[in-house]
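The following exercises concern a predicted model. Please work through each task with the sequence and the coordinates at hand before reading the solution.

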Amino acid sequence: MGKRYLVTGGAGFIGSAMIKKLIKDPGNIIANVDKLTYASNLESLSSVKDNDNYSFFNCDICDFNKLKEIIINFRPEIIINFAAESHVDRSIFASKEFINSNIYGTYNLLEICRELCEKKEIIFHHISTDEVYGDIEGKPPSVETDSYKPSSPYSSSKAASDHLVKAWHRTYKLPVFITNCSNNYGPYQHKEKLIPKVITNILNNKDIPVYGNGEQTRDWIFVEDHISGILKVLESGEIGETYNLGGSNEIRNIDLIHRIIELINKINNGNEINLDKMRSLITYVEDRLGHDKRYAINSKKAELIGWSIKDSFEINLEKTIKWYMNEV
């Protein structure tokens, strides 16, 4: 039997992937709440926009009254909160939007759910990030019980929202889940993010900016694996718990860039774009303020409830590159 899902930030990269997955079950009814920022892309939902089980609401989660009206009228059984400002660079120079969306917006959702749960239970699933654990250079991958040590305005705002979710569960018994994911990648991601920026800059013969020495290490999860992890937590997880969803694909930024170059060369059979020319586009720039050296998370807890990665990083990265090559 299907369920009624309200997805916030559903026109974003990960939220739209979730909606496309949910709509495959004809029993599911989905409401998409998105304020349509620069990072939103309704074209990514063109395949579902005319589906009778899908509806879109242009709404900022910071607008309490409008948000409450939508939720009351839609009557969701599950709310999945993807809505967030997420670009670290932007947070360093324009932090207010991150505080508003990521903290105040989450508070609005929790308060509305708290009020409505007195009549009918709503499960609240909050999407977070590995960045809340801070820089773990020289340490084991982060586990769910590790202390939070966020570094940037972005990760600090996400850490704050995580704490709100936990507090509303503890104090008000709101049924919640939190999932902390590593860096996502895949089709339809905004081009300000590392992987699509590298791909599109190569295809457009533009410089590839690399912060510092490029030795910062990140873990990467394919967006469809992230979605399957969220759904597995909703299906089999324990209410009130946090689950890490990582790709177990740690790689230095500079090595990732070279791997993308090699794959583009492989896809083109060495034609069209010269390998040495692609490598010459790499341009080292001043490092980001407060740049963390390494993030990585331990996903064993999620694996114990039956979640696993479907395909290899190599397969999914090549699939992603081919998608952007068709878009340029």
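**Exercise 1. Aromatic pairs**

Determine how many aromatic pairs the predicted model holds, and classify the pair of F98 and Y154.

*Solution.* Step 1: the count of aromatic pairs comes to 10. Step 2: for F98 and Y154, the ring centres lie 6.4 Å apart and the planes make an angle of 75°. Planes over 60 degrees apart count as edge-to-face, so this pair is edge-to-face. F98 belongs to helix α4 and Y154 to helix α5 (residues 153-172), so the pair ties together parts that are 56 residues apart in sequence. F98 has a relative accessibility of 2% and counts as buried; Y154, at 8%, counts as buried.

**Exercise 2. A pair between a loop and a helix**

Classify the aromatic pair of Y188 and W323, and state which elements it links.

*Solution.* Step 1: the centre-to-centre distance is 4.6 Å and the angle between the planes is 50°. Step 2: Y188 is found in the loop between β7 (183-185) and α6 (194-203), whereas W323 is in helix α11 (residues 313-327). The two residues are 135 apart, and the pair thus links distant parts of the chain. Step 3: Y188 is partly exposed at 30% relative accessibility, and W323 is partly exposed at 21%.

**Exercise 3. The nonpolar cores**

Describe the largest nonpolar core: which residues touch the most other members, and which element gives the most to it?

*Solution.* Step 1: the largest nonpolar core has 30 residues, of which M18, I30, I80, F82, I230 and L234 touch the most other members. Step 2: at least two core residues come from each of β1 (4-8), α1 (13-22), β4 (78-81), β5 (123-129), α7 (223-236) and β11 (242-245). With six residues, α1 gives the most. Step 3: consider the contacts of F82. Leaving aside residues up to four places away in sequence, F82 touches V7, T8, G9, I14, G15, M18, I127, I227 and I230. Step 4: apart from this core lies another, of 26 residues, including V210, I257, I264 and F313. As background, nonpolar side chains in soluble globular proteins tend to be buried together.

**Exercise 4. Cysteines**

How many disulfides does a search of the whole structure find?

*Solution.* Step 1: the search returns zero disulfides. Step 2: take C59 as an example. Its nearest cysteine sulfur, that of C62, is 9.4 Å away, while a disulfide requires sulfur atoms within 2.5 Å; C59 is therefore in no disulfide. Step 3: check burial. C59 is buried, with a relative accessible area of 2%, and C181 is buried, at 7%.

**Exercise 5. A loop residue**

Where does A94 lie, and is A94 buried or partly exposed?

*Solution.* Step 1: A94 is in the loop between α3 (88-93) and α4 (96-116). Step 2: its relative accessibility is 44%, so A94 counts as partly exposed. Step 3: the C-alpha atoms of A94 and P153 are 9.0 Å apart, although 59 residues separate them along the chain.

Definitions and conventions: Residues numbered from 1 in each chain as written. Predicted model: local features only at pLDDT ≥ 70, side-chain atom pairs only at ≥ 80, totals over all residues. Heavy atoms only, no water. Buried < 20%, exposed > 50% of the residue type's maximum accessible area, 1.4 Å probe, protein only. Helix = DSSP H or I, 4+ residues; strand = E, 2+ residues; numbered from the N terminus. Phe/Tyr/Trp six-rings, centres within 6.5 Å; stacked < 30°, edge-to-face > 60°. Core = buried A, V, L, I, M, F, W, Y, C linked by side-chain atoms within 4.5 Å. Contact = heavy atoms within 4.5 Å.
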